[in-house]
Amino acid sequence: MLIKYHDINSEIRKCGLTRTQVADILGITYQALHMRIKKDKPDIHLIIYALSNYFQEVSLNLEQNKEYFKDK
């Protein structure tokens, strides 16, 4: 498995999300997300890494479906 993780902000941008949207997905306030990022503890890195992988998987599935239906 190849891990392509840069930093929290770049991973959020790579997902095509804003910090506000990420906070909504996680069910926390924008300020709580900001504080977690500022504390730089492993839990927020794992959360953002998982979110990034989830959105990458969704994106790949959408691309595969586009190609499949394009040929039909």
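**Figure 1. Asp40 in the loop between H3 and H4.** Asp40 lies in the loop that links helix H3 to helix H4 in this predicted model. Its phi is near 55°. That is a positive value in a residue other than glycine. Asp40 counts as partly exposed, at 48% relative accessibility.

**Figure 2. Arg36 and its contacts.** Arg36 sits in helix H3. Its relative accessible area is 33%, so Arg36 is partly exposed. What does Arg36 touch once its neighbours within four places in sequence are left aside? The partners are Ile28, Lys41, Ile44 and Ile47.

**Figure 3. The crossing of H2 and H3.** Helix H2 spans residues 19-26, and helix H3 spans residues 30-39. Their axes come within 8 Å. They cross at roughly 100°. H2 is therefore roughly perpendicular to H3. On the H2 side, the contact is made by Arg19, Thr20, Val22, Ala23 and Leu26. On the H3 side, Tyr30, Leu33, His34 and Ile37 meet them. By class, the residues of this contact divide into six nonpolar, two polar and one charged.

**Figure 4. The buried face of H2.** Which residues of H2 are buried? They are Arg19, Val22 and Ala23. Seen down the axis of H2, the buried residues fall within an arc of 100°, so they line one face of the helix. An α-helix has 3.6 residues a turn, so residues three or four places apart point the same way. Arg19, Val22 and Ala23 also take part in the contact with H3. Just after H2 comes Gly27, with a positive phi of about 75°.

**Figure 5. The salt bridge between Lys14 and Glu11.** How many salt bridges does the structure hold? It holds one. The side chains of Lys14 and Glu11 form a salt bridge, with 3.2 Å from N to O. Both residues belong to helix H1, which covers residues 8-14. They are three residues apart, so about one helical turn separates them. Glu11 counts as buried, at 1% relative accessibility. The cut-off for buried is under 20% relative accessible area.

Figure 6. Ser52 is part of helix H4, residues 42-71. Its relative accessible area is 4%, so Ser52 is buried. Residues up to four places away in sequence are not counted here. Glu11 and Lys14 are the two residues whose side chains meet in the salt bridge.

**Figure 7. The fold behind the close-ups.** The secondary structure comes to four helices and zero strands. From the N terminus on, the elements run α-α-α-α. The protein has 72 residues, of which 21% count as buried. How many of the contacts between residues at least 6 apart in sequence join residues at least 24 apart? The share is 48%.

Conventions:
Residues are numbered from 1 along each chain as its sequence is written. This is a predicted model: local features need pLDDT of at least 70, side-chain atom pairs count only at pLDDT 80 or more; totals for chains, interfaces and linings use all residues. Side-chain values use heavy atoms; hydrogens and water are left out. Axes are lines fitted to C-alpha atoms, for helices over the stretch in contact, and angles run from 0 to 180 degrees between N-to-C directions. Helices (H or I, at least four residues) and strands (E, at least two) are DSSP runs, numbered from the N terminus. Angles under 35 degrees count as roughly parallel, over 145 as roughly antiparallel, 65 to 115 as roughly perpendicular and the rest as oblique. Contact means heavy atoms within 4.5 Å. Ala, Val, Leu, Ile, Met, Phe, Trp, Tyr, Cys and Pro count as nonpolar, Asp, Glu, Lys and Arg as charged, and the others, Gly among them, as polar. Buried means under 20% relative accessible area, exposed over 50%, partly exposed in between (1.4 Å probe, protein chains only). The arc is that of the directions from the helix axis to the C-beta atoms. A salt bridge is a side-chain nitrogen of Lys or Arg within 4 Å of a carboxyl oxygen of Asp or Glu.
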